[in-house]
Amino acid sequence: MKRCSSLGKKHGYDEDGLPLDVPKGHFPVYVGVNRTRYIVPISFLTHPEFQQLLRHAEEEFGFHHEMGLTIPCEEVVFRSLTSMIR
């Protein structure tokens, strides 16, 4: 998992509309009140703990959200949970 310091800045996109700074097999999420951007592996999607975070995100924001996938939890909780998933 990689934390990005470019929150709120426009990212470059390729011809398919994918962010240039996100490696293949990963996706960005925004976490916490400051909406810090993290790059996480797609493999996280299969873990029940991460799926629970996604359900909370759906409950709070729905599927149509301007800023991308936003996880409604504190950053310290997100980092702790994702460190256990590896």
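Predicted model: local features only at pLDDT ≥ 70, side-chain atom pairs only at ≥ 80, totals over all residues.

On the α1 side the contact is made by Glu49, Phe50 and Leu53, and on the α2 side by Phe78, Leu81 and Ile85. Sorted by class, the residues of this contact are 5 nonpolar and 1 charged, with no polar residues.

## Aromatic pairs

The structure holds 3 aromatic pairs. In one of them, Phe27 and Phe50, the ring centres are 6.1 Å apart and the planes stand at 75 degrees, which is over the 60 degrees required, so the pair counts as edge-to-face. Because Phe27 lies in strand β2 (residues 26-31) and Phe50 in helix α1, this pair ties together parts that are 23 residues apart in sequence. Both Phe27 and Phe50 are buried.

Tyr38 and Phe78 also form an aromatic pair, tilted in this case, with 5.2 Å from centre to centre and 50 degrees between the planes. Since Tyr38 belongs to strand β3 (residues 36-41) and Phe78 to helix α2, the pair ties together parts that are 40 residues apart in sequence. Tyr38 is buried, with a relative accessible area of 1%, and Phe78 is buried as well, with a relative accessible area of 0%.

## Aromatic cluster

Which residues form one aromatic cluster? The cluster consists of Phe27, Phe44 and Phe50; of these, Phe50 also takes part in the contact of α1 with α2.

Conventions:
Residues numbered from 1 in each chain as written. Heavy atoms only, no water. Contact = heavy atoms within 4.5 Å. Helix = DSSP H or I, 4+ residues; strand = E, 2+ residues; numbered from the N terminus. Nonpolar A, V, L, I, M, F, W, Y, C, P; charged D, E, K, R; others polar. Phe/Tyr/Trp six-rings, centres within 6.5 Å; stacked < 30°, edge-to-face > 60°. Buried < 20%, exposed > 50% of the residue type's maximum accessible area, 1.4 Å probe, protein only.
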